[in-house]
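Please read them with the model open.

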Amino acid sequence: MGGTSKSLGVDQILVGDCIEKLQGLPAESVDLVFADPPYNLQLDGDLLRPNNTRVDGVDNAWDKFSSFATYDQFTSEWLAACRRALKPDGTLWVIGSYHNIFRVGAVLQDLDYWILNDIVWRKTNPMPNFRGRRFTNAHETLIWAAKSSQSRYAFNYEAMKALNDDVQMRSDWLLPICTGGERLKNDEGRKAHPTQKPESLLHRVILAASAPGDVVLDPFFGTGTTGAVAKRLGRRWIGIERDPGYVKTAKKRISRITPLDTDSLTTTQSRRSAPRVPFGTVVELGILEPGSELFDRKAKIKAHVRADGTLAYDGNQGSIHKLGAKVQGLEACNGWTYWHFKADGELKPIDILRQEARQQLGMTAS
């Protein structure tokens, strides 16, 4: 990125107030934002276990606000600054608990962000409810939002499906909290940061909504989970953090990360990103001859391929999509997956032939 990277502060931690530093970034310069803002937990007194030992929870000054109005103003300011820094097709992820996420969601919509999903992070090992007066808080909520309703945002659908054993990724994610060797400790042996997020969570977020080389921004950097995962996945990153102790820990952590090689960074491409090939091209190239027979998955419907790339069946004719919809009585149909051809005694979707056409034409995914 040359001079642009330097002026943008890429692969650096900007030390100071997040709103001030966000406003200093070039407009429309960031591809993805992941934000883990203060939750404003409103804790009243110490939280004790049944044996009267104190729970090491979040009691830091940065999580305390004098009122909901003060918190809402803070939220509006940092979200507006992030929106300014986002590219037109960029997206933002923000995580929170029941204490703050609904207020954050309202501000997002007030600022004209376009909410795409809310994700429920179900914790495999949540902290129990020691007082026994409420349900155990076993999840946190992430909101994924585009900069606007017109954004052509990135979503690596096929990669998420592959990550989930070829099943469409759902909006409830079962992942463990940060424990064991992943939990960073300070010089006193205590948690370096009370709300350190697991790298598995950031891995999924960054893999889902960005590409290698994209700039990932975290305005509440803490001990650098976002930067560590972004670096490993071949993304550029920017962190903003005002606590010198957190900055020191984050720098040490990220310096130990080795980026994955190019081959390991390649993600499964979405069919939508592949070059468009009309069915007529498959016919023109001779991959499927005029007069060939096409069938539905169960071979109950048999249509014939015509020289102009249309299909004919029972007095009806049309494109692979229109005829596929008509024979099913539907408004629309993806003909590439509906129609099948016979090869080696088996029925195979004609989508395979589209891939062959791309190879013959020397096309690669865009």
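1. α7 passes α8 in a right-handed crossing (right-handed if the near helix is turned clockwise from the far one by less than a right angle, left-handed if anticlockwise). The model is a predicted one, in which local features need pLDDT of at least 70 and side-chain atom pairs count only at pLDDT 80 or more, while totals for chains, interfaces and linings use all residues. Residues are numbered from 1 along each chain as its sequence is written, and side-chain values use heavy atoms, with hydrogens and water left out. Helices (H or I, at least four residues) and strands (E, at least two) are DSSP runs, numbered from the N terminus.

2. The angle between α7 and helix α8 (residues 244-255) is about 15°, and their axes lie 9 Å apart; axes are lines fitted to C-alpha atoms, for helices over the stretch in contact, and angles run from 0 to 180 degrees between N-to-C directions. That makes α7 roughly parallel to α8 (angles under 35 degrees count as roughly parallel, over 145 as roughly antiparallel, 65 to 115 as roughly perpendicular and the rest as oblique). On the α7 side the contact (heavy atoms within 4.5 Å) uses Thr-225, Gly-227, Ala-228 and Lys-231, and on the α8 side Arg-253, Ile-254 and Ser-255. By class, this contact of α7 with α8 holds 2 nonpolar, 3 polar and 2 charged residues. Here Ala, Val, Leu, Ile, Met, Phe, Trp, Tyr, Cys and Pro count as nonpolar, Asp, Glu, Lys and Arg as charged, and the others, Gly among them, as polar.

3. α7 (residues 225-232) also packs with helix α6 (residues 199-209), at about 55° and with the axes 9 Å apart. The two helices α6 and α7 are therefore oblique to each other, and their crossing is right-handed. α6 contributes Glu-199, Leu-202, His-203 and Ile-206 to the contact, and α7 contributes Thr-225, Thr-226, Ala-228, Val-229, Ala-230 and Arg-232. The residues of the contact of α6 with α7 divide into 5 nonpolar, 3 polar and 2 charged.

4. Strand β4 (residues 114-123) pairs with strand β5 (residues 139-146) in the antiparallel sense over 8 bridges. In β5, Glu-140 is the bridge partner of Trp-121, and Trp-144 is that of Asn-117. β4 pairs with β6 in the parallel sense over 4 bridges, where Asp-172 of β6 is the bridge partner of Val-120.

5. The contact is made by Phe-68, Tyr-71, Asp-72, Thr-75, Ser-76 and Leu-79 of α3 with Arg-103, Val-104, Val-107 and Leu-108 of α4. In the contact of α3 with α4 there are 6 nonpolar, 2 polar and 2 charged residues.

6. The whole structure has 12 salt bridges (a side-chain nitrogen of Lys or Arg within 4 Å of a carboxyl oxygen of Asp or Glu). One of them joins Arg-236 to Asp-11, with the closest N and O atoms 2.7 Å apart. This pair links distant parts of the chain, 225 residues apart: Arg-236 is in strand β8 (residues 236-241), and Asp-11 is in the loop between α1 (3-8) and β1.

7. Strand β13 (residues 340-343) and strand β14 (residues 346-349) pair in the antiparallel sense over 4 bridges. Lys-348 in β14 stands opposite Phe-341. The hairpin of β13 and β14 has 2 residues between the strands, and Asp-344 takes a positive phi near 55° there.

Key: Two strands pair if DSSP finds at least two bridges between them.
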